[in-house]
Amino acid sequence: MLAAQTVYAAPEKPRPAAEGTAGQQAAKKAAHEADASEDLNGDGYADLVSGAPGATVGGKSAAGYVVVTYGSADGLDASRKQLVSRATSGVPGSPAAKQQFGASFSKGDLDGDGYGDLVVGSEDPASGSVVLWGSADGLVGSTAVAKYGTTPQIGDFDGDGQADLALLGDPGPSGDDPVAQPAALWKGPLTRSGTPAGKLDFLAPAGQDGDQNTGTSISGPSSARAVGDVNGDGTQDLAFWSYEGDGVYRSDALLGGPDGFTVSRGPDRGGADMDLGDVDGDGHDDLVVSGGSDLYDEVVVVFGTEDGLSADRRQKFDQSIDGFPGEPPSDGEMLGSCVAVADVTGDGKAEVALGISWKDVGTKTDAGAVALLHGTESGVTGAGSQVLHQDTTGVPGVAEEGDEFGAGCVLADVDGDGHRDLQASSTEENEGSGAVWSLRGTDTGLTTDGATSFGPSDLGTPVTKARLGSLLR
């Protein structure tokens, strides 16, 4: 539980596409400048985007919003933020009940100006997406993307050095059989009028997989979950969840290329959450997927190769992995309620952060926790791993029953020291308003020294059932 705080921030001049205080250039230069894909205001620090899709906006229940908290030498500061919703002046559309704006989003430099941009989707795919443009003053200006409103992803998928935008639309009702889902790949750069440099079929003919995949649709319902480089060719790939029918889901990689995507097969499993990162340090990003059972008790790593995802080099583990700290696990703790993969320690091998949102803390049922495990040449190890929760010394707040700490997570260097920091959320905190925690990275893992947290009350954003932190990027 977090105590509500009031944060006062001097308002800046109104902007057409965001409310509140925007990110100004930090007084201290980042020791390690963030990539433009993570830095919306170009000050060298990664910025955090948190979704609050359950929030009431404009009197509409579950209309939703996103909030950006800007990085600095001191980490995240709830007073340096921007709120964006469909009620924000200049943002296309209007708040709608159950639309859940902010249920999905992605960051990247779509127009090539050196500032990261933000594309926000909704739970309602037909409502389309919104591009919010980065600048030295934060997010300024917006552009509507019609029809394609679910899980947009930004990356250089054709290898030309420009960020592209992968888009998915509404698959409509589905049953035992997969359905055709609208999809499009917009080549960068994207103009602020919403015109891409070109368009490619979402899957090239060589990448079609089954009768449902055509040049303008894919087998659905599907969602794009993460971006990385599985085969090490310098062109980015998509981690992709899709439905095959008869209750079978897949987690695959769509390998990018100049002519479109080709499918590289991953595991037959639900893909509760997934991310891409180079766990073994061989130059190929690996796919880390949770959801080995209905209660997410198992995680699988599918290692990348020059040909894509390996068919035979795979690692499965759970909380019984040697070296994993804490009490013996029980069934149904939701290991992998969130998955984030990136190099925290700086040794060239990615760490794996995992939410365990139904983990008990003492006698507090489903209080939740997050774990950080290290990568090695042979894969994920439990040696030196950490499990942290709200009763861990230095972590703000107090663990409570049903908090489900670990609902969302991302690894991003918000303080510019060269070590990625863990941002983790509890969407059930304070009766569903949600909250986000930031734990600093070091050359050995995570530290609770200087740990911070904030909720909607600290941000001055809508509170009731907001579910802040449902997604973090």
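This report walks through a predicted protein model, from its overall build to single residues.

## Ground rules

Residues are numbered from 1 along each chain as its sequence is written, and side-chain values use heavy atoms, with hydrogens and water left out. In this predicted model, local features need pLDDT of at least 70 and side-chain atom pairs count only at pLDDT 80 or more, while totals for chains, interfaces and linings use all residues.

## Overall build

The protein has two helices and 28 strands. Both kinds of element are DSSP runs, numbered from the N terminus: helices are H or I with at least four residues, and strands are E with at least two. The radius of gyration is 20 Å, close to the 23 Å that the globule rule gives for 473 residues, so the protein is as compact as a globular protein of that length. That radius is taken over C-alpha atoms, and the globule rule is 2.2 Å times the number of residues to the power 0.38. Along the principal axes, the C-alpha atoms fill a box of roughly 55 × 55 × 45 Å.

Of the 473 residues, 58% count as buried. Buried means under 20% relative accessible area, exposed means over 50%, and partly exposed lies in between (1.4 Å probe, protein chains only). Residues 24 or more positions apart account for 53% of the contacts with a separation of 6 or more. A contact means heavy atoms within 4.5 Å.

## Surface and charge

The protein exposes about 17,200 Å², and carbon and sulfur atoms supply 47% of it. Accessible areas come from the Shrake-Rupley method with a 1.4 Å probe; for residues, only the protein chains shown count as cover.

There are 29 positive and 74 negative charges, and their mean positions are 6 Å apart. Lys and Arg count as positive, Asp and Glu as negative; His and the chain ends are not counted. Each charge is placed at NZ of Lys, CZ of Arg, CG of Asp or CD of Glu.

## Confidence

The average pLDDT is 90, and 90% of the residues score at least 70. pLDDT is the predictor's confidence in each residue, from 0 to 100.

## Backbone exceptions

Most residues other than glycine have a negative phi, and most peptide bonds are trans. Two peptide bonds here are cis, with omega near 0°: G188 to P189 and G220 to P221. P189 lies in the loop between β10 (179-187) and β11 (198-200). P221 lies in the loop between β12 (217-220) and β13 (222-228).

K98 is not a glycine, yet its phi is positive, about 65°. Q100 is not a glycine either, and its positive phi is about 55°. K98 sits in the loop between β3 (81-85) and β4 (104-108), and Q100 also lies in the loop between β3 and β4. K98 is exposed, with a relative accessible area of 67%. Q100 counts as partly exposed, at 26%.

## Y148 and P125

Y148 is found in the loop between β7 (142-145) and β8 (150-155). It is buried, with a relative accessible area of 14%. Leaving aside neighbours within four places in sequence, Y148 is in contact with several residues, including P125, G128, L167 and A184.

P125 is found in the loop between β5 (117-121) and β6 (129-132). P125 counts as buried, at 12% relative accessibility. Not counting residues up to four places away in sequence, P125 touches K147, Y148, G149, T150, G169 and D170. P125 and D177 are 52 residues apart in sequence and 20 Å apart in space, C-alpha to C-alpha.

## Toward the ends

D35 lies in the segment before β1 (48-52). D35 is partly exposed, with a relative accessible area of 49%. D35 and V263 are 228 residues apart in sequence, and 27 Å separate their C-alpha atoms.

L468 lies in the segment after α2 (456-459). L468 counts as buried, at 0% relative accessibility. The C-alpha atoms of L468 and W358 are separated by 18 Å, and the two residues are 110 residues apart along the chain.
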